[in-house]
Amino acid sequence: MKVCLVGSSGGHLTHLYMLKPFWKNQDRFWVTFDKEDARSKLKNEKMYSCYFPTNRNLKNLIKNTILAIKILKKEKPDLIISSGAAVAVPFFYIGKILGIKLVYIEVFDRYDKPTLTGKLVYPITDKFIVQWEEEKKVYPKAINLGSIF
């Protein structure tokens with residue numbers, strides 16, 4: 001199985017990195033911001049840099065959508081996993097069009113209201129994971145797997 005792990009640098013990248021017991025034996029690649037924490041954490045990983053800032057930035061949304069098309073057609077992953085943030089949106093929608101399975105993990109610090117990215121990808125995900133039982137009030141079809149910390 002080939003896995004695409006996509007997310008902003010910082011906490012979102014850390015969430016994905018904590019899934020190492022899952023992805024360490026998978027063919028994989030990463031899509032994140034070209035920032036020091038990402039370069040350091042992913043120094044021995046295949047990484048594609050995406051455009052930022054992403055929050056409510058239409059220009060970079062368009063650029064990241066074009067990037068998603070190019071990367072996903074080239075790499076042909078079987079699965080895309082993300083914990084946010086905005087860079088996940090174009091990768092999930094292009095991935096859905098291409099028939100790629102989508103797994104989204106809502107961030108740990110949101111237990112009573114949705115993130116913008118969560119709201120945008122919730123309708124199209126194959127599995128939507130939450131880390132608090134309370135989040136199932138916000139995302140009824142979500143699966144609570146508990147904390148990944």
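1. A quick definition before anything else: a salt bridge here is a side-chain nitrogen of Lys or Arg within 4 Å of a carboxyl oxygen of Asp or Glu. On that basis, five salt bridges turn up across the whole structure. This is a predicted model, where local features need pLDDT of at least 70 and side-chain atom pairs count only at pLDDT 80 or more, while totals for chains, interfaces and linings use all residues. Side-chain values use heavy atoms, leaving out hydrogens and water, and residues are numbered from 1 along each chain as its sequence is written.

2. Start with Glu 75 and Lys 2, whose side chains form a salt bridge at 2.5 Å, N to O. Glu 75 sits in helix H4 and Lys 2 in strand S1, so this pair ties together parts 73 residues apart in sequence. (Helices are DSSP runs of H or I with at least four residues, strands are runs of E with at least two, numbered from the N terminus.) Both residues are buried, where buried means under 20% relative accessible area, exposed over 50% and partly exposed in between, with a 1.4 Å probe and protein chains only.

3. Glu 75 also bridges to Lys 46, at 2.6 Å, N to O. That links Lys 46, in the loop between H3 and S3, to helix H4, with the two residues 29 apart. Lys 46 is partly exposed at 41% relative accessibility, whereas Glu 75 is buried at 5%. Through shared partners, Lys 2, Lys 46 and Glu 75 join into one network.

4. Glu 36 and Arg 39 make a salt bridge too, at 3.2 Å, N to O. They are three residues apart in helix H3 (residues 36-41), so about one helical turn separates them. Glu 36 is exposed, at 53% relative accessible area; Arg 39 is partly exposed, at 38%.

5. Now the nonpolar core, meaning a set of buried Ala, Val, Leu, Ile, Met, Phe, Trp, Tyr and Cys residues joined through side-chain atoms within 4.5 Å. The largest one has 28 residues, and those touching the most other members include Val 6, Val 31 and Phe 91. H5 supplies the largest share, five residues. Apart from this core lies another, of 14 residues, among them Trp 23 and Leu 42.

6. Last, Ile 148, in the segment after strand S7 (143-144). Ile 148 is partly exposed, with 21% relative accessible area. Beyond residues up to four places away in sequence, Ile 148 touches (heavy atoms within 4.5 Å) His 15, Met 18, Leu 19 and Gln 131. Leu 19 is 129 residues away in sequence but 7.6 Å away in space, C-alpha to C-alpha.
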